[in-house]
Amino acid sequence: MIVALIAACEIGFWVLLAAGLAFRYLLKMPRTGLALLLCEPLLEVVLLVATALDLKNGAEPGWAHGLAALYIGYTVGHGHRTVKWLDGHAAHRFGGAPKPAGPPRYGTARARHEARVWLGTLAGAAVATVLLQLAIRYVGDASRVGSLESWRTTAWQVTGIHGLIALTYWIWPKKAPAGTQAKEPVTAKENLRH
């Protein structure tokens with residue numbers, strides 16, 4: 001049941017996102033579109049409640065419960081950035097806004113970008129750890145929570161690997177080709193000033 005609910009939440013995330021952007025830019029109903037986009041976190045609340053109820057009803061804590069915690073953590077850590085990125089591209093394609101700048105490609109600007117992305121992974125791992133720890137305490141039987149503990153370890157292993165990758169951008173920054181100048185991308189706020 002939990003795996004199906006995770007899949008439904010993922011599908012629901014993209015359906016709400018597409019509907020929200022369609023209402024904002026194609027149907028010219030920005031408030032309705034914003035309301036749909038703001039409903040995105042409700043999917044994670046539904047998944048969290050369903051997982052807790054499943055454990056309360058005596059389900060054996062398994063990999064699906066751990067995956068649910070990681071999914072919620074990932075959404076907390078990276079969901080906002082994903083929605084913002086897609087909203088910027090939809091605004092450009094359908095709303096006449098300037099094309100959003102991509103991530104910086106060179107030097108410390110790229111390293112800062114990668115560090116910010118890693119902070120999302122760090123936040124996701126922290127949220128997943130809290131949820132997993134709450135589930136472990138809720139079950140209250142050390143012999144039944146091995147799967148949940150292994151997901152907690154997995155979350156931090158992934159965070160560590162991602163952190164090492166992000167660190168390489170600081171240690172070995174990619175240099176701009178000769179004759180070009182590495183510059184910071186223009187943000188949407190700076191675009192409005194010009």
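Leu164 counts as exposed because its relative accessibility is 57%, where exposed means over 50% relative accessible area, buried under 20% and partly exposed in between (1.4 Å probe, protein chains only). Leu164 belongs to helix H6, residues 146-171; helices are DSSP runs of H or I with at least four residues, numbered from the N terminus.

This is a predicted model, in which local features need pLDDT of at least 70 and side-chain atom pairs count only at pLDDT 80 or more, while totals for chains, interfaces and linings use all residues. Residues are numbered from 1 along each chain as its sequence is written, and side-chain values use heavy atoms, with hydrogens and water left out.

The UniProt annotation "transmembrane region", from an unreviewed entry, covers residues 115-135 and 155-172; such annotations may be inferred rather than shown by experiment. In the model, residues 115-135 are 100% helix and 0% strand, with end C-alpha atoms 30 Å apart. Residues 155-172 are 94% helix and 0% strand, and their end C-alpha atoms lie 26 Å apart.

Leu37, in helix H2 (residues 30-38), is buried, with a relative accessible area of 10%. Leu37 touches Leu16, Leu17, Gly20, Leu21, Arg24 and Val83, not counting residues up to four places away in sequence; contact means heavy atoms within 4.5 Å. Between Leu37 and Leu17, 20 residues apart in sequence, the C-alpha to C-alpha distance is 6.0 Å.

Confidence is given by pLDDT, the predictor's confidence in each residue from 0 to 100. The protein chain has a mean pLDDT of 89, and 93% of its residues reach 70 or more. Over residues 188-194, the pLDDT is below 50, and this stretch has three contacts in the model beyond near neighbours in sequence. Where pLDDT is low, the predicted coordinates should not be read in detail.

Conventions: Helices (H or I, at least four residues) and strands (E, at least two) are DSSP runs, numbered from the N terminus.
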